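Have a look at the picture first.

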Amino acid sequence: MTFEELNGYYSIERMESVIKALEEVLRSALPQGCITVGVYEAAKSLNVDPDNAVLCILATDDENVKDVALEIHFTLIQAFCCENDISILRVNNTRRLARILGGAGMHGSEQMDLHCILVTVPHASTWKSPALGRVSRFCRESRCMDQWVPIINLPER
């Protein structure tokens with residue numbers, strides 16, 4: 001289901017609310033050390049302790065939409081997340097994700113792999129996020145409409 005088709009189910013205001021909630025989750029999780037960036041790193045984290053994972057974001061840009069290897073990784077991660085009841089979203093703008101994370105997408109002068117971002121909440125953590133609740137609710141509602149991996153259109157700002 002495309003972003004335009006989802007608009008039939010969700011109002012534009014609702015989608016904007018989810019986008020703002022996603023931004024808030026990422027900005028608040030980063031200083032807590034609750035963000036894992038990269039396809040390989042996220043897969044390792046999921047393998048070690050899937051119970052701590054609360055949200056998985058799979059991101060692409062126009063230039064890598066047809067990347068077969070990336071899609072294979074996404075399919076495996078999506079299956080794992082669905083099996084372990086981890087909220088999952090597809091996002092279409094890695095550059096915007098990098099800006100939301102305050103440039104966290106850069107490692108020295110090299111661009112980090114922002115195709116997969118995993119948000120975790122350690123069991124001992126007291127971090128509670130109403131924004132995470134809104135994103136998780138959106139994911140649950142999407143699954144109820146047979147949209148197992150909802151797509152979020154992150155506009156440039």
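1. Let me start with Glu24, which is partly exposed at a relative accessible area of 38%. For the wording here, buried is under 20% relative accessible area, exposed is over 50%, and partly exposed is in between (1.4 Å probe, protein chains only). Arg134 is also partly exposed, at 28%. The side chains of Glu24 and Arg134 form a salt bridge with an N to O distance of 3.6 Å (a side-chain nitrogen of Lys or Arg within 4 Å of a carboxyl oxygen of Asp or Glu). Since Glu24 belongs to helix H2 (residues 12-29) and Arg134 to helix H6 (residues 130-144), the pair ties together parts that are 110 residues apart in sequence.

2. Some housekeeping. This is a predicted model, so local features need pLDDT of at least 70 and side-chain atom pairs count only at pLDDT 80 or more, while totals for chains, interfaces and linings use all residues. Numbering runs from 1 along each chain as its sequence is written, and side-chain values use heavy atoms, with hydrogens and water left out.

3. The overall layout: six helices and seven strands, taken as DSSP runs numbered from the N terminus (helices are H or I with at least four residues, strands are E with at least two). From the N terminus on, the order is α-α-β-α-β-α-β-α-β-β-β-α-β. Of the 157 residues, 45% count as buried. Among contacts (heavy atoms within 4.5 Å) with a separation of 6 or more, 81% are between residues 24 or more positions apart.

4. How many salt bridges does a search of the whole structure find? Eight. One of them joins Arg95 and Asp61, whose closest N and O atoms are 3.6 Å apart. This pair links distant parts of the chain, with Arg95 in helix H5 (residues 94-100) and Asp61 in the loop between strand E2 (53-59) and helix H4 (68-83), 34 residues apart. Asp61 is buried at 5% relative accessibility, whereas Arg95 is partly exposed at 42%.

5. Asp85 and Arg143 make another side-chain salt bridge, at 3.9 Å from N to O. Here too distant parts are linked: Asp85 sits in the loop between H4 and strand E3 (87-91), Arg143 is in helix H6, and they are 58 residues apart. Asp85 counts as exposed at 60% relative accessibility, but Arg143 is buried at 18%. Glu23, Arg27 and Arg96, for their part, are linked in a network of salt bridges.

6. Helix H3 (residues 39-48) deserves a look down its axis. Val39, Ala42 and Leu46 are buried there. The buried residues of H3 pack against strand E1 (35-37), E2, H4 and strand E6 (116-120).

7. Which residues line the largest pocket? They are Val39, Tyr40, Ala43, Leu46, Asn47, His73, Leu76, Ile77 and Phe80. H3 and H4 are the elements that give two or more residues to this lining, and H3 gives the most, with five residues. The volume is about 150 Å³. By class, the lining has seven nonpolar, two polar and no charged residues. (On a 1 Å grid over the protein atoms alone, a pocket is an open set of points where a 1.4 Å probe fits, with protein on both sides within 12 Å along at least five of seven lines; lining residues have an atom within 4 Å of a point. Points are joined across faces, edges and corners, and the volume is the space filled by probe spheres set on them. Ala, Val, Leu, Ile, Met, Phe, Trp, Tyr, Cys and Pro are nonpolar, Asp, Glu, Lys and Arg charged, and the others, Gly among them, polar.)

8. Thr36 lies in strand E1 and is buried at 18%; beyond its neighbours within four places in sequence, Thr36 is in contact with residues including Ala42, Ser45 and Ile117. Cys56, in strand E2, is buried at 0%. With neighbours within four places left aside, the contacts of Cys56 include Ile77, Cys81, Ile88 and Cys116. The C-alpha atoms of Cys56 and Gln78 are separated by 8.5 Å, the two residues being 22 apart along the chain.
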